[in-house]
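Welcome! Take a look at the sequence and the model below, and then let us walk through a few of the features together.

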Amino acid sequence: MQARSAILKSTALAALLATGLSAAQAASFTAPTSAVLTLSTDLTSLLGAGTTYTALGDATYNAATRTLTESFTSVNLSNSTAADLIGLTGATSGLRLTASGTTLDITGVSYDNAAKALSAVLSVNGTQQYSGVFLTTGTVTLGEAFSATNGTGLLTTGNLNLSSGAASTLVSAFGLPSFYAGLATGVNFGNLKVDVTAAVPEPSTYALMGLGLVGMGFVARRRRAA
């Protein structure tokens, strides 16, 4: 009976260890995690020299480099290839485009690597006009090895293009002819870089990993005693 009891305990502890390690591999991460959207000269030329760009919320915009930098409020990773990385920014953080008295706010940005799509809320003069997929890309490269356990990785998209819905909203907002919407989807909007190197696992992940390690030690001790 004692031997059977020891086996059952060992099995339970082994399961606990597996759970702890599994949780570490499917971890969620929190800021600081930078998301840098670089606008292309194709886009800025299309919108014209009279368009101004202003950061909203906790974002910052560098006019010289045409870069919008934000922090993801949450990042989810579950495998080393970052195939299903999802990152979310603050709901009121983003970029404002202003031209001829019209403002277009791009806020609530989220990036889904499985879909290679960046979603956002588009508001014209303070009124929401569109919500959904904003930009899409066909290619993504990884500059560092992604690790859900360590929270490391650098992801860079290829050229981003406007979705048809977002293009229609942008063209309408700035009073451009409607046929421009079809042309706008082919314009290189820019690219996105996501750096999660500074991210850390949530406390719950550390707790599960710790329990798993304790369980592994207990199993080893039991086996030596047997």
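## A buried leucine to start from

Leu-122 has a relative accessible area of 1%, so Leu-122 is buried (buried means under 20% relative accessible area, exposed over 50%, and partly exposed in between, with a 1.4 Å probe and protein chains only). Leu-122 belongs to strand S9, residues 117-124. Helices (H or I, at least four residues) and strands (E, at least two) are DSSP runs, numbered from the N terminus. Along the chain, Leu-122 and Arg-96 are 26 residues apart, and their C-alpha atoms are separated by 9.6 Å.

A word on the source: this is a predicted model, in which local features need pLDDT of at least 70 and side-chain atom pairs count only at pLDDT 80 or more, while totals for chains, interfaces and linings use all residues. Residues are numbered from 1 along each chain as its sequence is written, and side-chain values use heavy atoms, with hydrogens and water left out.

## Strands around S7

Which strands does S7 pair with? Strand S3 (residues 52-56) and strand S7 (residues 94-99) run antiparallel and are joined by five bridges; two strands pair if DSSP finds at least two bridges between them. Within this pairing, Leu-97 of S7 is found opposite Tyr-53. S7 is also joined to strand S8 (residues 102-112), again antiparallel, by six bridges. Here Thr-98 has Thr-103 in S8 as its bridge partner.

S7 and S8 make a hairpin with two residues between the strands. Ser-100 sits in the loop between S7 and S8, and its phi is near 50°, a positive value in a residue other than glycine. Most residues other than glycine have a negative phi. With a relative accessible area of 79%, Ser-100 is exposed.

## One salt bridge

How many salt bridges are there? The count comes to one, where a salt bridge is a side-chain nitrogen of Lys or Arg within 4 Å of a carboxyl oxygen of Asp or Glu. The partners are Arg-96 and Asp-105, whose closest N and O atoms are 2.6 Å apart. Side chains of opposite charge can pair when their charged atoms come close.

Are the two partners buried or exposed? Arg-96 has 30% relative accessibility and therefore counts as partly exposed, whereas Asp-105, at 9%, counts as buried.

## Strands around S5

Strand S5 (67-76) has several partners to follow. S2 and S5 pair in the antiparallel sense over five bridges, with Glu-70 in S5 as the bridge partner of Ala-35. Strand S4 (residues 60-62) is joined to S5 by three bridges, also antiparallel, and Tyr-61 faces Leu-68 of S5 in that pairing. Finally, four bridges link S5 to strand S6 (residues 86-89), and these two run antiparallel as well; there, Asn-76 stands opposite Ile-86 in S6.

The hairpin of S4 and S5 has four residues between the strands, and Arg-66 in the turn has a positive phi of about 60°. Arg-66 is not a glycine. Its relative accessible area is 25%, so Arg-66 is partly exposed.

## An enclosed space

Rolling a probe the size of a water molecule over the atoms shows where empty space is left. On a 1 Å grid over the protein atoms alone, a cavity is a set of points where a 1.4 Å probe fits but cannot get out, and lining residues have an atom within 4 Å of a point. A search of the whole structure finds one cavity of 30 Å³ or more, and the largest cavity has a volume of about 90 Å³. Grid points are joined across faces, edges and corners, and a volume is the space filled by probe spheres set on the points.

What lines the largest cavity? Its lining residues include Ala-35, Leu-68, Glu-70, Ile-106 and Phe-134. Strand S2 (34-39), S5 and S8 each supply at least two residues of the lining.

## Aromatic rings

Rings of Phe, Tyr and Trp (its six-membered ring) pair if their centres lie within 6.5 Å; planes under 30 degrees apart count as stacked, over 60 as edge-to-face and the rest as tilted. The count comes to three aromatic pairs. In one of them, the rings of Phe-134 and Phe-189 have centres 5.3 Å apart and planes at 80°, so the pair is edge-to-face. Phe-134 lies in strand S10 (residues 127-136) and Phe-189 in the loop between helix H4 (180-184) and strand S14 (190-195), so the pair ties together parts that are 55 residues apart in sequence. Both Phe-134 and Phe-189 are buried.

Key: 1 Å grid on protein atoms, 1.4 Å probe; cavity = no way out; pocket = protein on both sides within 12 Å on 5 of 7 lines; lining within 4 Å.
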